[in-house]
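Student: Hi! Could we go through the side-chain packing in this one together?
Tutor: Happy to, let's open it up.

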Amino acid sequence: MEGFNWKDSLNLISKLTFKRAWNGAKVLGSFYATRLLNKPIQWGYPVSISFEPTTSCNLRCPECPSGLRAFTRPTGMLDQNFFKTTIDEIHKELLYLIFYFQGEPYLNPDFLEMVKYASSKGIYTATSTNAHYMTDENARKTVESGLDRLIISLDGTTQETYKQYRVGGDIEKVLEGARNIVKWKKALNSDKPFVFFQFLVVKHNEHQIEEVKELAKVIGVDQVRLKTAQVYDYENDPNNLIPTNEKYSRYQKNKDGSFKSKNKLSNRCWKMQHANVITWDGLVVPCCFDKDATHQLGNLKNQSFKEIWHNQNYQQFRGDLTKSRKNIDICANCSEGLSVWKE
């Protein structure tokens, strides 16, 4: 259960082609060129993209716009044909595809067909789910789809603890879903998907960290990952979520009892240069912190992805980031490098 997993890593490496490797080298080079010259340089295309299957969700988590039904942008489902058109354009450079932004992916009836299509293009595919829809049939279809990584959110080891953050959730459905996926991996003799429990560490569940590791062993998932919680009003923490152990927190406590972010926000961002997010309706936004798509860098209904990646909006945003990242609203609560621990 500890740390690096060879099978998963070798699976990712197996997706590399010469074109994808060369593209990755260009992106990495542009990151260092941007730092050296202190101006936006962007070579190549994204190594990783997040595609949003839906904004709909069955739960009501207190720090999630989808759970709170608090979006200012429209809700809806990603269209399979639109998805395929975009993948056809970018698959030769793209290495890693995350089927997640907001919402519960399994609510989109075409979700697993889209996974299968991306997998057929040799792209490493991943998703994150609350596992309430991981029925026996969906578990089998998930393994058959070729999905490479499955993140199951499990933020407690008892119903009482779990439901405090996953409001409206049923931990027994989550555990049954995990058992289903493990069963079908064995039945179909498949190493994929690599499955891990993602445990969002908050104050009311931090005492269950060792318990979730044991639970994962019993069920047979591949790994546990501890994730720090993003708290919107972290200065005051109104929902009392920030854990007492600062190791598992994105924030530090001040002497007056308020909190501040640990991230010092230097004027550079690796994620900005190698990844981005596409909403269900085709908006291209910088990263997963732009949950309401307030920084729309392009619309795939009007331009191709490759045109958007190098357009004036993108260049302007990259330039603003190199000058004063702290003045960009979605960067204020950024946790890059502070978010996940493997256990």
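Tutor: One definition before we start: a charge sits over a ring if NZ of Lys or CZ of Arg is within 6 Å of the ring centre and within 35 degrees of the ring normal. Keep in mind too that this is a predicted model.

Student: Okay, where does the charged end of K291 sit?
Tutor: Over the ring of F289, 5.3 Å from the ring's centre.

Student: And which ring does R225 sit over?
Tutor: That one is F196, with the charged end of R225 4.5 Å from the ring centre.

Student: Switching to ring-ring pairs, how many aromatic pairs are there?
Tutor: Twelve in the structure. One of them is Y234 with Y251, a stacked pair at 4.7 Å centre to centre and 15 degrees between the planes.

Student: Which parts does that pair tie together?
Tutor: Y234 is in the loop between β6 (223-228) and β7 (251-253), while Y251 is in strand β7 itself, so the pair ties together parts that are 17 residues apart in sequence.

Student: Are Y234 and Y251 buried or exposed?
Tutor: Both are buried. Another stacked pair is F305 with W309, at 6.1 Å centre to centre and 20 degrees between the planes.

Student: How are F305 and W309 placed in helix α11?
Tutor: They are four residues apart in that helix (residues 305-309), which means about one helical turn separates them. F305 and W309 are buried as well.

Student: Which residues do ring pairs link into a cluster?
Tutor: F51, F82, F83, F99, Y106 and F111.

Student: Now the largest nonpolar core: which residues touch the most other members?
Tutor: F83, L97, L154 and F197, out of 81 residues in that core. Helix α8 (residues 171-187) gives the core its largest share, seven residues.

Student: What is L97 in contact with?
Tutor: Setting aside neighbours within four places in sequence, its contacts include I49, F51, F83, I87 and Y124. There is also a second, separate core of five residues, with V277, L283, V285 and A293 among them.

Student: Last topic, T54. Where does T54 lie?
Tutor: In the loop between β1 (48-51) and α3 (65-68).

Student: Why does T54 count as buried?
Tutor: Because its relative accessible area is 1%, and buried means under 20%.

Student: Which backbone oxygen lies 3.0 Å from a polar atom of the T54 side chain?
Tutor: The one of G76. Beyond neighbours within four places in sequence, T54 is in contact with G76, M77, Q102, G103, E104, P105 and L107.

Key:
Residues are numbered from 1 along each chain as its sequence is written. This is a predicted model: local features need pLDDT of at least 70, side-chain atom pairs count only at pLDDT 80 or more; totals for chains, interfaces and linings use all residues. Side-chain values use heavy atoms; hydrogens and water are left out. Rings of Phe, Tyr and Trp (its six-membered ring) pair if their centres lie within 6.5 Å; planes under 30 degrees apart count as stacked, over 60 as edge-to-face and the rest as tilted. Helices (H or I, at least four residues) and strands (E, at least two) are DSSP runs, numbered from the N terminus. Buried means under 20% relative accessible area, exposed over 50%, partly exposed in between (1.4 Å probe, protein chains only). A nonpolar core is a set of buried Ala, Val, Leu, Ile, Met, Phe, Trp, Tyr and Cys residues joined through side-chain atoms within 4.5 Å. Contact means heavy atoms within 4.5 Å. A polar contact is a pair of N or O atoms within 3.5 Å; within protein, one must be able to donate a hydrogen and the other to accept it, and residues adjacent in sequence count only if both atoms are side-chain atoms.
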